[in-house]
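This briefing is meant for a reader meeting the structure for the first time. Please look over the sequence and the model before reading on.

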Amino acid sequence: MKKLSKILFIASALSLPTTMFAADTQSAAQITQGVKQMTLSARQLSLAQIGAFTATGDMDSLKTAVNQALDSGLSVNEIKDAVVQLYAYTGFPRSLNALNALAETVKEREAKGLKSEQGKTATPLPANTDILALGSQIQTELTGQKVDISALSPEIDRYLKTHLFGDIFASDLLNWQEREIVTVGALSHLQGVESQLNAHIGISKKNGISDEQIAAIKAIQPSGLPQLSQFPIGEPNDAYAQYFTGKSYLYPVSTEQVKMFNVTFEPSCRNDWHIHHATKGGGQMLIVTAGRGYYQKWGKPAQELKPGDVVHIPANVKHWHGAAKDSWFQHLAVELEGENTSNEWAERVSDEEYTKLK
């Protein structure tokens with residue numbers, strides 16, 4: 001399960017044909033016969049972002065990615081394992097910075113009462129394990145051929161086989177495909193490592209990662225707005241800004257058949273109380289894709305929302321929805337057809353009632 005870092009080094013050392021590891025140029029979302037297929041799962045996207053932001057030293061974006069990763073089911077130990085692996089690709093300083101960012105994020109979450117699953121630890125290797133033999137085996141399986149770079153440096157050859165492959169890559173917390181995603185995420189955001197990146201892209205494909213997934217990893221933006229899910233954030237939601245507290249963004253996922261928009265809320269952003277009127281049918285459905293937020297029906301307590309939650313909002317029901325104070329939030333908003341439909345915007349969700357939410 002430890003295929004990432006070595007390959008970069010090995011590819012250049014062995015002068016592997018560049019055509020074998022050609023970088024893809026396809027788009028992150030594949031559209032075939034009217035079907036738009038998403039590429040990376042929430043877990044995969046989080047691992048790719050952790051790799052990218054560790055490589056660029058963007059600790060603010062990394063902490064956002066760590067929060068999303070913990071919310072989407074990754075454990076602290078899994079994230080730590082990915083960051084430790086990254087020292088071989090980004091260097092000890094960036095890896096140590098990322099470990100500090102992880103520790104700070106977990107501490108901040110604890111102070112807010114948010115759970116961070118510690119997760120299992122890696123299964124220990126038997127005491128009598130021959131690390132050099134194990135690392136050589138992992139390296140060979142990873143590359144599909146026996147590798148010997150002792151002519152370059154016997155020390156490097158030994159370090160790679162024993163420590164990188166026989167130790168780090170022997171950890172069972174992440175599988176090889178996930179480790180490739182972490183590594184490609186990092187290398188695609190570093191300068192001057194094209195041959196290593198292309199080598200890892202080839203190894204990634206060998207382990208079942210598609211061209212579309214590679215493109216999605218390379219498209220991660222290391223600064224500015226975070227990439228919360230496979231759905232783009234879109235443009236500032238200026239047309240409806242007067243009905244929001246805080247800043248939101250809007251991306252039209254579909255304007256045919258069923259109207260569907262990806263709505264993104266910055267931390268603490270929420271819309272005003274409002275009603276989707278209809279004399280028949282109508283209403284709205286929300287599908288949460290990233291972050292943490294809330295939905296509240298008039299006269300009822302607010303409900304916490306996380307990725308995978310679906311909210312059915314009948315017509316003529318007064319409600320609001322938006323982000324938690326400490327998290328970006330994103331959902332798909334599906335407009336349901338009805339007769340005599342209209343939207344009525346009411347009062348704001350007051351700071352007093354909003355700040356009571358955890």
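This is a predicted model: local features need pLDDT of at least 70, side-chain atom pairs count only at pLDDT 80 or more; totals for chains, interfaces and linings use all residues.

**Strand E6 and its surroundings**

- Strand E6 covers residues 259-265, and because five of its seven residues are buried, the strand is largely enclosed by the rest of the structure.
- Strand E5, which runs over residues 248-254, pairs with E6 in the antiparallel sense through six bridges, and within this pairing Pro 252 stands opposite Phe 261 of E6.
- E5 and E6 form a hairpin with four residues between the strands, and in that hairpin Gln 257 takes a positive phi near 60 degrees.
- E6 also pairs in the antiparallel sense with strand E15, residues 329-335, over seven bridges, where Leu 332 in E15 is the bridge partner of Asn 262.

**Helix H7 and its two ends**

- Helix H7 spans residues 131-143, and its 13 residues reach 18 Å from the first C-alpha to the last, which is close to the 18 Å expected at 1.5 Å a residue.
- At the start of H7, the backbone nitrogen of Leu 132 has a side-chain oxygen of Asp 130 within 3.2 Å.
- The residue that follows H7 is Gly 144, and its phi is positive, near 80 degrees.

**Burial along H7**

- The buried residues of H7 are Leu 134, Gly 135, Ser 136, Ile 138, Gln 139, Leu 142 and Thr 143.
- An α-helix has 3.6 residues a turn, so residues three or four places apart point the same way.

Definitions and conventions:
Residues are numbered from 1 along each chain as its sequence is written. Side-chain values use heavy atoms; hydrogens and water are left out. Buried means under 20% relative accessible area, exposed over 50%, partly exposed in between (1.4 Å probe, protein chains only). Two strands pair if DSSP finds at least two bridges between them. The expected span of a helix is 1.5 Å times one less than its number of residues. A polar contact is a pair of N or O atoms within 3.5 Å; within protein, one must be able to donate a hydrogen and the other to accept it, and residues adjacent in sequence count only if both atoms are side-chain atoms.
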